[in-house]
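Here is a friendly briefing to read alongside the model. Please keep the sequence and the 3D view open as you go.

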Amino acid sequence: MEYDPYQIFEGTEREYGEWMSGDEAHRIQVSQCHFLLDRNYKYTQDRLPAGATIVPIVLASDKAPVTRMTGDIEMHPLFLTSANINSKVRMKATSHAWACVAYTPTPEFLTHPDFHSVLEARVWHRCVDIVCTGLKVAAHVGTFMSNPTNLTRYCFTLLVAYTADLPEQLMIACVTKSISPVTIAEKNQFGDGILYAPRDGELTLQKLHELCQQIDPWRLQEFLAEAKKHNLSGVQLPFWRNWRFSNPSIFLIGELLHYGHKLFFNHPFKWCKVLLGHDEIDVHYRIQHKRVGVRHFNGVSYVSQMTGREHRDLQRTIVPTIAGLADPDFVCAIRAIVDFLYRVQVATFTPSSIRAMEESLQEFHSFKGAILRAGVRRGKSKEIFHFEILKLELLQSFGRSIHNSGSLIPYTADVSERLLITHCKDPFTRTNRQRSGFTRQIVLLLDCEESIRRFDLYSFLRERDASLTNTSLASNEPHYVDPMMDWVQRIAPEEANWFHGPRTYRNHFLKGIVTEDSTTAFHVTVKPDFADKPPNYVAMTYNLPNFPALLRNYIDAIPGDHSRLHGCLLKGWTKF
């Protein structure tokens, strides 16, 4: 765990990784003067006291259906973790680093459908406001907490990140979908490739205050109509309005699953399907060489939903799939957006790597005209001649988010999507599935599971007369991503199988074929697909007439006498 901001330099360049390495942690910790709006919308001076410890709160939420085909039951959980915890631990759902702190209600309203979304958003903000009241108080006055090594710290719980998809982020920022939730960009500016100034939360609160002074927020029809003119959603009391240091333009960090991978699937990949045609692109993916660890697609044209891993597998192969079949500028545009998505997923950034990432995005904007010329940007019924895509606009602010909060990969929604399964969908199958009582039953189930897990660990430690302080936290050579499993491994390795956790770190250099410089390890399937075959067999089977001659030339080019290799028979693998 990390408690203090720090800076790491690689040569002359600063590295951005964990939240504590970002600019926002330093801005708060150095006790500069900040001006925030309190409940009465008065400007007050704010600073942290000397010796304070930041407890950076990371929230996540998403709405998900838990019934199939019938029932129409949804759940809207709120998850919480701390950025003090190392991101490698937080990103593993099996590490239990996240806590489900609330199931916010999803009510049905007996009113005109035009008002359902704003009423639901108001209920959600009010519920989160109630749930986070204690955190807000601690953010203002502080509270004393014990860390894992039993040291007491004076802590301030500040909201630093919120993981959510685009509709959820718009609801949190209290704005409509015609503007960006984190910048001042409007709909007609989404596709211009310009980084706009951040949308300060104070500006939103000031607009809401002025609007509430003019119209009663519960005169819903009039209030909502006027709010739309200011691109506001109609929520009059955002939950973050009185949370110290909170600003949606900062804590709404770029989310890779929805803003990156699903953006690619819904737009660039769709353009490629339109350009090549469904049958052609299916054939190209069907004939690709199979490889362990990567999904082999028998067809991609009619797939409507994929996992994050499958999105990544498509990105790995889309450029060679369309190369030679599309205009070179079109290929450059697709390659640039794929390059951007690859660069944004690294765990550590430097100013030069951030610039390279932003240059890839600008390269896409330079070549995106080829997409319109190809006529592949289409809606449901007609061709579209612009790039007014909100997710595309949000990519522009990724570099700013990295400077503020460190690497973006720890805040991907992959983790919250997994938590929806473990805390909503799976427990729901063990309830009576009645709308009136299933939520309480899920809470009891999860509470029992957590109590059992903690009791097992406590009894394990007491049985071996071990300390209840996890001293393995300071270990430089962990075996597991989960600190609890490292704790068990250190005390009684033979008992590790009794506890459920992530897989151990695997040292691939202990087995396999290692290169002479010991920098690369090869792992291949033990049994080959064919063995004891001459070079002519390979030439005939794979239509490689020059293969025997090229193999002889390759052997002769190796320094030393290797003439004995000329008569060797070959083994071959169709996949590794």
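This is a predicted model: local features need pLDDT of at least 70, side-chain atom pairs count only at pLDDT 80 or more; totals for chains, interfaces and linings use all residues.

**Helix neighbours and the wider fold**

Residues are numbered from 1 along each chain as its sequence is written, and side-chain values use heavy atoms, with hydrogens and water left out.

**Overall picture**

- The protein has 22 helices and 14 strands, taken as DSSP runs numbered from the N terminus (helices are H or I with at least four residues, strands are E with at least two).
- Of its 576 residues, 45% count as buried (under 20% relative accessible area; exposed is over 50% and partly exposed is in between, with a 1.4 Å probe and protein chains only).
- Among contacts in the protein with a separation of 6 or more, 63% come from residues 24 or more positions apart; contact means heavy atoms within 4.5 Å.

**α9 against α10**

- The axes of α9 (residues 256-266) and α10 (residues 268-276) come within 3 Å and cross at roughly 15°; axes are lines fitted to C-alpha atoms, for helices over the stretch in contact, and angles run from 0 to 180 degrees between N-to-C directions.
- On the α9 side, Leu263, Phe264, Phe265 and Asn266 meet Pro268, Phe269 and Lys270 of α10.
- This contact of α9 with α10 holds five nonpolar, one polar and one charged residues (Ala, Val, Leu, Ile, Met, Phe, Trp, Tyr, Cys and Pro count as nonpolar, Asp, Glu, Lys and Arg as charged, and the others, Gly among them, as polar).

**α10 against α11**

- Helix α11 (residues 278-286) packs with α10 at an angle of about 110°, their axes 6 Å apart.
- The two helices, α10 and α11, are therefore roughly perpendicular to each other.
- From α10, Phe269, Cys272, Lys273 and Leu276 take part, and from α11, His278, Glu280, Ile281 and Tyr285.
- By class, the contact of α10 with α11 has five nonpolar, one polar and two charged residues.

**Aromatic rings and charges**

- Phe264, Phe265, Phe269, Tyr285 and Phe297 form one aromatic cluster; rings of Phe, Tyr and Trp (its six-membered ring) pair if their centres lie within 6.5 Å, with planes under 30 degrees apart counted as stacked, over 60 as edge-to-face and the rest as tilted.
- By this rule there are 15 aromatic pairs.
- Phe239 and Trp243 have ring centres 6.5 Å apart and planes at 75°, so the pair is edge-to-face.
- Both Phe239 and Trp243 are buried.
- Arg122 lies over the face of Trp218, at 4.7 Å from the ring centre, and Arg153 lies over the face of Tyr3, at 4.0 Å; a charge sits over a ring if NZ of Lys or CZ of Arg is within 6 Å of the ring centre and within 35 degrees of the ring normal.

**Two buried residues to look up**

- Ile85 sits in the loop between β7 (74-82) and α2 (87-90) and is buried, with a relative accessible area of 19%.
- Leaving aside neighbours within four places in sequence, Ile85 is in contact with Met1, Glu18, Arg90 and Ala97.
- Met485, in helix α20 (residues 483-491), is buried with a relative accessible area of 2%.
- The C-alpha atoms of Met485 and Ser95 are separated by 8.9 Å, although these residues are 390 residues apart along the chain.

Technical notes
Angles under 35 degrees count as roughly parallel, over 145 as roughly antiparallel, 65 to 115 as roughly perpendicular and the rest as oblique.
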